[in-house]
Amino acid sequence: MTNETRRNWKPATAMVHAGTMRSPYGETSEALYLTQGYVYDTAEGAEARFKGEEPGFIYSRYANPTVDMFEKRMCALEGAEDARATASGMAAVAAALLCSAKAGDHVIAARALFGSCRWVVETLMPRYGIEATLVDGRSLDEWKAAVRPNTKLFFLESPTNPTLEVVDIAAVAEIANEAGARLVVDNVFATPLQQKPLELGAHVVVYSATKHIDGQGRCLGGIILSDEAWIEEELHDYFRHTGPSLSPFNAWTLLKGLETLPLRVAHQTQAAARIADHLARHKAVSRIIYPGRDDHPQADIVARQMTGGSTLICFDVKGGKDNAFALLNGLDIIKLSNNLGDAKSLITHPATTTHKNLTDEARETVGILGGTLRLSIGLEDVDDLIEDLDRALAKAG
Ligand SMILES: *Cc1c(COP(=O)(O)O)cnc(C)c1O
């Protein structure tokens, strides 16, 4: 095998070449190793591999060459020492959190979280004796006040789902360091191209690769990136013995996704910025939240920690749920779906879908109202999308 890894590649180059391991056939495209296991030439060879004295693969629950290529390419993009790919984004979040705390420890998480992430923190972890405190991620005072002697873990998402609130990652990392806790950041909404949590001081970054990294609606996947020591000491055995591993086929699909990630995210972000400005001027829209706009409530933090405005827009239509539903039902190109980061533009009504399990009060606290909609911009022509939205907004009064 020959390996492709160089330092100082810019993202677009790294996303096409980094991590590629060529077999003796010299294939251009990454090989898809659909295999569960590996054979050894001799009994001594098997023994040496199990002892870790000889490099090589043992079983695809532990590692697989195609999955390895995906992990290495993601490390190159993120600037991380090591990574483990998972079957879904939630498998990545659950593994990263569970491997960062044990019974008797305390976790602090920002309240505005993806619904399933919130369930892991609020419901699953307490079952195993890990207590959680939820704070307003925007308030550094709340993070500080929640610290206890047994606080071992901080968890946040930024920008948040669905209201695109921004958390000051560097400042929260400093509080975590003072507390002797690890900071895990779910970086899905910013993508690895627009925000680098490890450079900002976070200890672990997680992704749902299902979103922009695949970006074409095909498969689920996730990844955890961090320093080599933590992955070896805390994560490795968990993976080996509980099996949240990514399938080689999905790893191959995600490798192909990475090749076009910089192009897609650049187009989608440019289009999102134009559409956000258009919606902000529309009389049927009462609120617009887009990290790339000067009127974003935390525009100063966005300027410090993000290099792009994201591919997502959150907005409210006047008249609450009825008008929001009228808009949704009036769309033609933009599809109703709770997914995001896709080539197809997708829109969702969080209050009745992704965040329906929260109480009315909890929803209001994180800014999800009856008229709130989350829009993920795809790869369509931006003029067609604006026309689609205008036609549907006319039906929403
Ligand atoms: C989608 C998503 C997840 C979960 O990812 P899956 O691949 O669907 O399991 C976690 N966090 C955020 C922010 C997400 O958008």
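The ligand sits in the second largest pocket of this predicted model. A pocket is, on a 1 Å grid over the protein atoms alone, an open set with protein on both sides within 12 Å along at least five of seven lines, and a molecule sits in a pocket if more than half of its atoms lie within 2 Å of its grid points. Residues are numbered from 1 along each chain as its sequence is written. Local features need pLDDT of at least 70 and side-chain atom pairs count only at pLDDT 80 or more, while totals for chains, interfaces and linings use all residues; side-chain values use heavy atoms, without hydrogens and water.

**Ligand surroundings**
- The ligand is surrounded by 13 residues (a heavy atom within 4 Å), and the closest are Gly89, Asp186, Ser208, Thr210 and Lys211.
- This shell comprises five nonpolar, five polar and three charged residues, with Gly counted as polar and Asp, Glu, Lys and Arg as charged.

**Polar contacts (N or O atom pairs within 3.5 Å)**
- A polar side-chain atom of Thr210 is 2.6 Å from a ligand oxygen atom.
- An N or O atom in the Ser208 side chain lies 2.8 Å from an oxygen atom of the ligand.
- For Gly89, a polar backbone atom is 2.8 Å from a ligand oxygen atom.
- Of the 380 Å² of accessible area that the ligand has on its own, the protein covers 91% (Shrake-Rupley method, 1.4 Å probe).

**Sheet**
- An open sheet of five strands (DSSP E runs of at least two residues) has the order S10-S11-S14-S13-S12 with mixed pairing; paired strands share at least two bridges.
- Strands S10 (285–289) and S12 (335–336) are the edges, each pairing on one side only.
- Strands S11 (residues 312–317) and S14 (residues 372–376) run antiparallel and are joined by five bridges; Leu312 stands opposite Ser376 in S14.

Notes
A polar contact is a pair of N or O atoms within 3.5 Å; within protein, one must be able to donate a hydrogen and the other to accept it, and residues adjacent in sequence count only if both atoms are side-chain atoms. On a 1 Å grid over the protein atoms alone, a cavity is a set of points where a 1.4 Å probe fits but cannot get out, and a pocket is an open set with protein on both sides within 12 Å along at least five of seven lines; lining residues have an atom within 4 Å of a point. Helices (H or I, at least four residues) and strands (E, at least two) are DSSP runs, numbered from the N terminus.
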